[in-house]
Amino acid sequence: MQLQTQRFNDALRNTGMIAILRGVRNAEAEAIGAALYDSGFRIIEVPLNSPDPLVSISALRKSLPADCIVGAGTVLKPAQVQQVKDAGGELIVMPHSDGAVIRAARDAGLYSAPGVATVTEAFAALDNGADVLKMFPAEQLGPQVVKAWRAVISRDIALLPVGGITPEGMAVFRAAGASGFGLGSALYTPGLSAEEVRQRAVAFVSAWKALA
């Protein structure tokens, strides 16, 4: 296992979840990031289709402790990888499994979490250097697919269902072999205050700890 992957997995084990701040605005990014960190989150992504995402990534990276990994989601093209790195990002999360983007992240020294929906995509992503696998969309795949994949994908490789995950819905995925989760609108939606995000984050962390 690469040292790079180990650091990511260490952060993932701390809470088991990636916070997805789709739509976050620069003025609120630091406060929301602090609320998430204080609740126990150690991996945060800002999707690139958010307002001024690179500015938000930079603000989060500068304001949060070094043990919190900050990165970008919805990364679609290789050229965007360097932009994320220049902003201080360390993680590239994708909705797809484009090998060129994965290799660009690897070459830039960033973690990558490509979106995969089939075992063929999963193994191709790993061959291109993916650190973890984002199982997307989780609503469509379901826990039965996680269980089937675990029969052929080593537990050294993190499987992260993303899409429609709630605190109440984590147990069945975890039992099937999920390593953690990516959390979207159930954790953060534009317009929520930092305190509201904190309350949701605490609920997720409590649910995760109950599964340990």
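Contact here means heavy atoms within 4.5 Å. The model is predicted, so local features need pLDDT of at least 70 and side-chain atom pairs count only at pLDDT 80 or more, while totals for chains, interfaces and linings use all residues. Residues are numbered from 1 along each chain as its sequence is written, and side-chain values use heavy atoms, with hydrogens and water left out.

Start at Arg-42. Leaving out residues up to four places away in sequence, Arg-42 touches Ala-11, Asn-14, Thr-15, Tyr-37, Asp-67, Cys-68 and Ile-69. It sits in the loop between α2 (26-39) and β2 (43-47). Helices (H or I, at least four residues) and strands (E, at least two) are DSSP runs, numbered from the N terminus. Arg-42 is buried, at a relative accessible area of 13%. Buried means under 20% relative accessible area, exposed over 50%, and partly exposed in between, with a 1.4 Å probe and protein chains only. The Arg-42 side chain has two polar partners to inspect. One is the backbone oxygen of Tyr-37, at 2.9 Å. The other is the side chain of Asp-67, a polar contact at 3.3 Å. A polar contact is a pair of N or O atoms within 3.5 Å; within protein, one must be able to donate a hydrogen and the other to accept it, and residues adjacent in sequence count only if both atoms are side-chain atoms.

Now turn to the nonpolar interior. In soluble globular proteins, nonpolar side chains tend to be buried together. A nonpolar core is a set of buried Ala, Val, Leu, Ile, Met, Phe, Trp, Tyr and Cys residues joined through side-chain atoms within 4.5 Å. The largest one has 59 residues, and Met-17, Leu-36, Phe-41, Val-81, Ile-92 and Phe-181 touch the most other members. Helix α9 (residues 194-211) gives the most to this core, six residues. Apart from it lies another core of 13 residues, including Ile-69, Leu-91, Tyr-111 and Ala-113.

Val-81 leads on to helix α5. Beyond four places in sequence, Val-81 touches Val-75, Ile-92, Val-101, Ala-104, Ala-105, Ala-108 and Leu-110. In α5 (residues 99-108), the buried residues are Gly-99, Val-101, Ile-102, Ala-104, Ala-105 and Ala-108. An α-helix has 3.6 residues a turn, so residues three or four places apart point the same way. The buried residues of α5 pack against α4 (78-86), β4 (91-93), β5 (111-113) and α6 (119-127). At the start of α5, a side-chain oxygen of Asp-98 reaches to within 2.9 Å of the backbone nitrogen of Ala-100. Just after α5, Gly-109 takes a positive phi of about 80 degrees.

Next come the loops. Gly-89 lies between α4 and β4. Gly-89 is buried, with a relative accessible area of 4%. Setting aside neighbours within four places in sequence, Gly-89 is in contact with Ile-57, Val-70, Gly-71, Val-84 and Leu-110. Thr-74 lies in the loop between β3 (69-73) and α4. Its phi is near 55 degrees, a positive value in a residue other than glycine. Thr-74 is buried too, at 18%. Asp-52, in the loop between β2 and α3 (53-63), has a positive phi of about 45 degrees although it is not a glycine. Pro-137 is in the loop between β7 (133-135) and α7 (138-150). The peptide bond from Phe-136 to Pro-137 is cis, with omega near -5 degrees.

On a 1 Å grid over the protein atoms alone, a cavity is a set of points where a 1.4 Å probe fits but cannot get out, and a pocket is an open set with protein on both sides within 12 Å along at least five of seven lines; lining residues have an atom within 4 Å of a point. Grid points are joined across faces, edges and corners, and a volume is the space filled by probe spheres set on the points. The largest pocket holds about 280 Å³. Of its 18 lining residues, Ile-20, Arg-22, Val-162, Gly-184 and Ser-185 lie nearest its centre. The second largest pocket has a volume of about 240 Å³. The structure holds one cavity of 30 Å³ or more. Its lining is Ile-18, Glu-45, Val-93, Ala-113, Lys-134, Leu-160, Val-162 and Gly-182.
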